[in-house]
Amino acid sequence: MTTAPAPYRRTADAVVREFGGDASDGLSSGEAARRLERDGPNTLPAARGRGPVVRFLLQFNSPLIYVLLVSAAVTGLLGEHVDALVILGVVVVNAVVGFVQESRAEKALGALAAMARTAALVVRDGAARRVPSTELVCGDLVRLEAGDKVPADLRLLRADEFAVDESALTGESVPVAKDTAAQDEAALADRTGMAFSGTLATSGSAAGLVVATGADTELGGIHRLVQGTGAVQTPLTRKIAHFSKIVTVAILALAALTFLIGVLRGRGATEMLTAAVALAVGAIPEGLPAVVTITLALGVSRMVGRGAIVRHLPAVETLGSTTVICTDKTGTLTRNQMTVTAVTAGGRDYTVTGTGYAPTGTIRRDGRDADAADHPALRETLLAGLGCNDAQLHRRDGWHITGDPTEGALLTSAAKAGVDGVPDRVATLPFTAERRYMATLHEDGAVYVKGPVERILELCEDAAGPDGAPVPLDRAAVTARAEAYGGQALRVLAFARGRAGGSGLDEPPPLTFLGLQAMFDPPREDAARAVRTCHDAGVQVKMITGDHAATARAIGTRVGLDGEVMTGAELTSGVSAERVQATTVFARVSPEQKLRLVQILQDRGHVIAMTGDGVNDAPALKQADIGVAMGRAGTDAAKESADMVLTGDDFASIEKAVEEGRGVFDNLVKFIVWALPSNIGLGLVLVAAIVAGTALPVLPLQVLWLNMTAVLVLGLPFSVEPKDEHIMRRPPRDPSLPLLTRSMTLRILVVSGILLTGAFGLQHWERAHGATAEVAQTIVVNVFALTLLTYLFNCLSLDRPMLWHGVRRNPWVGASVLALIAIQALYTYAPFMNGLFHSAPLGAGAWARIVVIAAVSYVVIEILKYVQSRADPALRRQGGGRSPLPAAGGREKSGAGGKPFGPEEEP
């Protein structure tokens, strides 16, 4: 059984017969009702989201949380109900923080469905009526006018000067002129005999037969792509998840080993269970989720001030990991506002300044402003563009146009020259595929004509000279000038004038050629600079568009994206991943091809940031490691699929977002390097006590106190630690590298060893000199607290000393130090704390010994940092330092496959 050709490949009459429709009277109401019952409504199925209860319960879905829950259960069974409740309280607080900060439920499918809901003018029983678009069925006859949203996929039966803005679906920046002719195989953007659901009619009128509804439309195909695109873990979440698994396995193995050793040495099972619980609680970094969340949340807050709204917290960090930015062209790198940049009239060339629809700018010749009154041919050319025009220019929250963007550009170019006063129009010959020009007759008898250069030249007998007087028409010169504009990817329109012989306009009178206007969709002002900055930061930028290759190449060159251009057809024809990676501009790309491009780059190990604003961008936005949507021009589907929304639609904001992301990651790494010695050290102290056969040096509740007070209070300054001033001159991190490098791991182990030696040794010494168990345990807790305090200054920079400078540049460091001293004094001397945590007051001698251990730790780590930086200068390029810059902005290195990664020691 052979499949029937697609509707755009068959004649309109054949499609009407196949779908059992009627090209004049439409379906009967009864038949429409039967088809609606059979096929279902014209809607996109909404995705089921997780409810609040499920999302809250998922906060407990972590190996580390499982260990804490088991520890709480064991503690409760041992009769230590207060300890058990405190552990459970910590778990619940972490879950609440995660739940509150979790990103909004994904609503991309709902947004796509909302786009498809509109009213439609449909012919049934021979009469036109408006019905909800949800009630349309295949075979319905639909009429469209300018401004209507297309309610379903239609095979056009009639098209009168009809054009459709398909930029949200295909990325094509210019409205597509439609006709009714059948075509051979064509890309989505080139199917002129079709009008697609969710697009917008910009001019003319049409009638079409519904050939697909709901999920079967092209919009529905994108819906399926979004539905089949799973959420992608960010580099941070992947690393944290891997880290959590390793820590969980290590904790369980160590706790089991501790319990087994103790029992074999003749100690009671209850005591060993308590020791195992203390070990588990001590080794788990309970403060890590809170500090990670706070750091990301503060990054989100700073991003709002930079014109970006982050919908998913890990997206802030992901930007810092980005190795490739895949950006849409229309509305992202460009303004999505056609702009006339050049005019040729009377044999003279003029340039037009200014961009967008704002009538600010001038027309210049030979570097000087040109007054239209002194250039008659120029004035007539602009007047023709003004008169032969159906668009409207208006000012509301900036300058906007109603109608065709090309005609809007003609209004703006005339306004820049101060040209106005076109007599009222009395007749029009609209543009059609057969006519290939538009002509207007005005009250003064003037006829203005515009259209493609070759067609207008066919209609002209002579040309206007510089002074407006007729001169012989040099067709070769005009054609050559038009081709030169075309070589710059400018869209060229030709203009002519004539005098009507009567009151009607059945066809143009003899015409005089006036000139050319060349236009394009200009890049945003900061786009080229932002692309340069991304390159300096080692981040590749790839432009993806639905436009033709020549247009894409010209825009790419203007914003600094030179090199090979690849079409969507080439992308799906088995091209090598190496060539895809080397290409900077992709043209005529469909939504499926855009999604495929992202997947190819991700398979090469890249971290992808994808920007876009249209419905066609939604699947790729969701697939990318971070999706970035445009806030003003972006569709709801794009925004709801994205992780971040740029409020000003400014590509340059991504540069600041990448900088913020790198700073966030640096601070998180600093915190982890600082916090882990506490967890490892506590575990080692407990194991040492079991092996040595001594009393437990610290209790589970005291361990929890350390993790939730000292660690959290001293960890908060990392959330607001200022960024390295040269952070955007570093290459991106290699996403395949672990969270912690070898040098960092060595520092963690050294500090853990100091804590083990100092805490366990001092506890043993104090007990040997008659101290009570409570005093010895209090000393252990304070050894950990004060050593973490001095180690905080070690970790403010990973490559150089930062003692007083760290306090001066980050006031929260001093505040946290004072807060910790006050909290530990309360823990040590307050009677109610002594009763709750089994702590005891200490004397001056004990404090002196504790301070010596903390000071020794600071000095040892500073010496280690110096030795490491001398042995490996690459360490000086890590976050937190003011080290010399890598050559060429850090682009001298590259990872596998040519990826621009940083030094091996980059976290």
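Helix α26, which spans residues 700-715, has 16 residues and reaches 21 Å from its first C-alpha to its last, close to the 22 Å expected at 1.5 Å a residue, the expected span being 1.5 Å times one less than the number of residues. In α26, 14 of the 16 residues are buried, that is, under 20% relative accessible area with a 1.4 Å probe and protein chains only. The model is predicted, with local features requiring pLDDT of at least 70 and side-chain atom pairs pLDDT 80 or more, whereas totals for chains, interfaces and linings use all residues. Residues are numbered from 1 along each chain as its sequence is written, and side-chain values use heavy atoms, leaving out hydrogens and water.

An open sheet of mixed pairing is formed by 8 strands in the order β8-β28-β27-β26-β9-β23-β25-β24, where two strands pair if DSSP finds at least two bridges between them. Its edge strands, each pairing on one side only, are β8 (308-310) and β24 (565-567). Strands β23 (residues 540-544) and β25 (residues 585-587) run parallel and are joined by 2 bridges; I544 has F586 of β25 as its bridge partner.

The largest nonpolar core holds 67 residues, of which V673, W674, V783, F784, Y791 and L792 touch the most other members; such a core is a set of buried Ala, Val, Leu, Ile, Met, Phe, Trp, Tyr and Cys residues joined through side-chain atoms within 4.5 Å. Several helices, including α25 and α26, each supply at least two residues, and α28 gives the most, with 13 residues. A second, separate core of 62 residues includes L333, L429, I456 and V585.

Notes:
Helices (H or I, at least four residues) and strands (E, at least two) are DSSP runs, numbered from the N terminus. Buried means under 20% relative accessible area, exposed over 50%, partly exposed in between (1.4 Å probe, protein chains only).
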